Amino acid sequence: MDIEIGRGKTARRAYGIDEIALAPGNRTLDPSLADTQWRIGNIEREIPIIASAMDSVVDVRMAVLLSELGALGVLNLEGIYTRYADPEPILDRIASVGKEEFVPLMQELYAEPIKAELIEQRIREIKQQGGIAAVSATPVGASKFGSVVAKAGADLFFIQATVVSTAHLSPESVVPLDLAKFCQEMPIPVILGNCVTYEVTLNLMKAGAAAVLVGIGPGAACTSRGVLGVGVPQATAIADCAAARDDYYQETGKYVPVIADGGLITGGDICKCIACGADGVMIGSPFARAAQAPGRGYHWGMATPSPVLPRGTRIRVSTTGTLEQILTGPAQLDDGTHNLLGALKTSMGTLGAKNIKEMQQVEVVIAPSLLTEGKVYQKAQQLGMGK
């Protein structure tokens, strides 16, 4: 229902993940019976969690480790790892500067040209160690390096920007990337994003997307919502985009996964995204806290290095455990940020959902007090949900 916010201007109410809760039904099941498997492109994974294509989150080693654990990590092809043969000193510099020096430093470091030979090398390094080579670029980067990625033998190609659409207008001197043609010509599955509406999701699927990323601005290190004023809260965005997926499937018989990207910190966040209709999630800051993460306890967004308008910042996330503890346990923290797979399986068991498709059908209620009700002592002592 539209709400009038002033004469001649109405708005639709949208909901964020923190404003909803999942209501149990008539059935429960043992968490060991919960099947979390899903498929993206031609790849099946046990864990429906993807590590974001951010330099603080995924390098070659992290991509390999995530693959071994049953998840997936995406390497940023326009980041540190394809600009510098040895990224370690660069990462040390990023972690060592103060708040005031951070943005100028990032603009300096990311001005170094991207090297096609390093793109090939990083993909080869992941594949040689038995990992899944999932890589990401902006539409401009995809246009420049798509053939390099295909030649190197990557498994999945993510095309990501703050907002991606099939109806992009460019100056006369610039030829925009034809997404449909690109998807058709690439020999590997192409995932497109980001978007937050039914119409754009449907158009991206018609263009040939193997999956669609949902989310504009909710990321922990992202400031796009503050800088640009653009975004839709994740619960509503996911539900709208999932509706487009279902309608597209009814029309074509082709199922295109919807991936909730950004703003997810805890296992409960992941569970609620899937309940809103997501097939999987993409997260950054929770993995940036892993001992094996390349960010040295820091995390920054993909758009941060912009030479004219940084739309992200560097946040201190600290190191809280190993990648295995964060993804599959055992949990060492009481705030829902460890053993994300265990949280999903336990939630599915509590709700009686045997698989991801059933989890998408559980009852969702509006619950703005979900995270505060009865948590006075936790908040006062900064424990658990009060941190």
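Student: Taking contact to mean heavy atoms within 4.5 Å, which residues does Asp261 touch, not counting residues up to four places away in sequence?

Tutor: With those sequence neighbours set aside, Asp261 touches Ser52, Gln160, Asn194, Leu213, Val214, Gly215, Pro218, Gln234 and Met282. This is a predicted model, in which local features need pLDDT of at least 70 and side-chain atom pairs count only at pLDDT 80 or more, while totals for chains, interfaces and linings use all residues. Residues are numbered from 1 along each chain as its sequence is written, and side-chain values use heavy atoms, with hydrogens and water left out.

Student: Okay, and where does Asp261 lie?

Tutor: Asp261 belongs to strand β12, residues 258-261 (strands are DSSP runs of E with at least two residues, helices are runs of H or I with at least four, and both are numbered from the N terminus).

Student: Is Asp261 buried or exposed?

Tutor: Its relative accessible area is 11%, so Asp261 is buried (under 20% is buried, over 50% exposed and in between partly exposed, with a 1.4 Å probe and protein chains only).

Student: What does its side chain make a polar contact with?

Tutor: The partner is the side chain of Asn194, at 2.8 Å (a polar contact is a pair of N or O atoms within 3.5 Å; within protein, one must be able to donate a hydrogen and the other to accept it, and residues adjacent in sequence count only if both atoms are side-chain atoms).

Student: Switching to α3, which of its residues are buried?

Tutor: In helix α3, residues 99-109, the buried ones are Phe102, Leu105, Met106 and Leu109. They cover an arc of only 100° around the axis, and therefore sit on the same side of α3; the arc is that of the directions from the helix axis to the C-beta atoms.

Student: And what covers them?

Tutor: The cover over the buried residues of α3 includes α2 (88-96), β14 (298-300) and β15 (314-316).

Student: Where is Tyr110, then?

Tutor: Tyr110 is in the loop between α3 and α4 (116-128), and it counts as buried at 10% relative accessibility.

Student: Last one: which residues is Cys276 in contact with, leaving aside neighbours within four places in sequence?

Tutor: Cys276, which is placed in the loop between α10 and β13 (280-283), is in contact with Ile20, Ala235, Ile238, Ala239 and Ala242. At 14% relative accessibility Cys276 counts as buried.

Notes: Contact = heavy atoms within 4.5 Å.
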